[in-house]
Structure formats: C-alpha cells, structure tokens
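Dear colleague,

Please find the structure below, with its sequence.

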Amino acid sequence: MSNRGRLFVISGPAGAGKSEIVKTVLKRHPDVKLSVSCTTRAPRPGEENGVSYHFVTDERFDALVAENAFYEWAHVHQNRYGTLKSVVRQELDAGHDLILEIDVQGCLQAMAQDPTVTGIFVCPPSRENLEARLRNRGTETEEAIRVRLGNVAKECATAYQYHYIIIHQDWSVVPDALEIAAEEVYSIITARRRELDANREFLDKLNASLNA
Ligand code: 5GP
C-alpha cells in the first residue's frame, strides 16, 4: 500500500531540544502530523485537553490498558503516558506521516514491535553544552543537576538502538541549529517516502502504461 503513512518515533534527553525541533518540523511541513498522547499528569497552564494531550484519570488510563488500546505506554516521572492505537491507525490510514514524540521506553517498544517504525534520537552536542544549559536555567540545585546528568547518560546509552541520530548543535556556535536539525528530521521523512517499496504501485502503473 504505497499511500499509507509512516511512523517516526523521536526521543532524546530533556534539554536536547527535541520538542522545539518537532514543533519546527510541524510548522514548516503541514504534511507531517504529531500524535496526541494520553497522560495521567495534570495540565500545565495553557495546555488544552485534546491538543497538548488527552488528560485522563488514573482509572481511565487503567481501563485503556485493560482494553489493549495503547500502541505503547510508559511510566515517566511518576505519571503515565501512552499513544492510542486508534490515533496511529487513523493517521497512517489517511496517508499521513506521523511523529510520536515520546520517551525512550516508548520508542524502544515501538521499534521492537514494528520493524517499519523509524527511530530518531536527538542528542546534545556535548556534555559541557547540556550541563551549561541546565545551569543557565538557574532553577536547579547542584544535586538536581547531577541527577539529571545521570538520567541523560542512561538515555544516551540507548541511542545505538535507533536508526538516525540528530545532533542539535549549540545555537551560540551554529545560529540556525534548530532549523538545521528540523530539516534533517524532515529529510529522513522524505527519504523514507522515496524508498522503492513505497513506490512500487506507482512504478507498476508507469511500466504497465509504457508497455501498453
Ligand atoms: P511532559 O510531561 O513534559 O509533557 O512529557 C514528559 C515526557 O513524556 C517526555 O519525555 C515526553 O516525550 C514523554 N511522552 C509524552 N507522550 C508520551 C507517550 O505517549 N508515550 C511515552 N512513552 N512517552 C510520552
């Protein structure tokens, strides 16, 4: 089925800028869609139900797990997050390429259960860069920064299991680092669209007409 959409899972440590990269891809390329997840965490100011997330109670999340409604789900920072199978099916059937911006556990689950899923990992350019970003926020204690760096180390160790690595450069060194990273993500999406298997139906028709 050549007109079916493809699934892209994007992860990377907090502070590497994956949300900004995904937002930039969506803004520039309306042909790419983002899946809206379910979460048990409370909405933050400005977050709208059904837009940022589907905000659900613990009981509702339990029921969705019991119904096997999730494509993947995971515990992240004391809350649960999950991608609905119905959302994935609907978007892919409509021919949309779909991004899931989810945590590392969710990405590894998705890639393990479906070999057609493309995994993209967003990295900071260096430890020094990440540490400087965390310190510059000025909101974290030394202990909190140490814990965060430990978590980043664990996440980056899983990067070998993805298909593509995006290095989000430091904007003070590369001023359009965000745009470059977003275009790299989009180029991965377009490369997958141009794969032979995605174009067999077109080629069959073209060759049939040329041989008629
Ligand atoms: P936040 O609460 O800051 O919006 O997100 C916290 C973390 O949960 C982020 O790493 C985000 O990528 C991840 N996340 C969001 N939605 C999902 C989902 O549906 N599944 C999984 N596994 N992780 C998610």
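Two strands are counted as paired if DSSP finds at least two bridges between them. Strands (E, at least two residues) and helices (H or I, at least four) are DSSP runs, numbered from the N terminus. The model is predicted, so local features need pLDDT of at least 70 and side-chain atom pairs count only at pLDDT 80 or more, while totals for chains, interfaces and linings use all residues. Residues are numbered from 1 along each chain as its sequence is written, and side-chain values use heavy atoms, with hydrogens and water left out.

Strands β5 and β6 (residues 79–84) are antiparallel and share six bridges, with Val76 opposite Asn79 in β6.

Another open sheet has five strands, ordered β2-β7-β1-β8-β9, with parallel pairing. Here β2 and β9 (164–167) stand at the edges with a single partner strand each, so one side of each has no neighbour in the sheet. From one strand to the next, the twist averages 25°. Strand β8 (residues 118–123) is joined to β9 by four bridges, and Cys123 stands opposite Ile167 in β9. Helix α3 (residues 85–93) packs on this sheet as well, touching β1, β2 and β7, and its direction makes about 150° with that of β7.

Strand β7 (residues 97–101) pairs in the parallel sense with β1 (residues 7–11) over four bridges, and Leu100 in β7 is the bridge partner of Val9. Three bridges join β7 to β2 (residues 32–34), where Val32 stands opposite Asp97. Four of the five residues of β7 are buried (under 20% relative accessible area, with exposed over 50% and partly exposed in between; 1.4 Å probe, protein chains only).

Finally, Leu203 lies in helix α8 (residues 200–210) and is partly exposed, with a relative accessible area of 30%.

Kind regards

Definitions and conventions
Axes are lines fitted to C-alpha atoms, for helices over the stretch in contact, and angles run from 0 to 180 degrees between N-to-C directions. Contact means heavy atoms within 4.5 Å.
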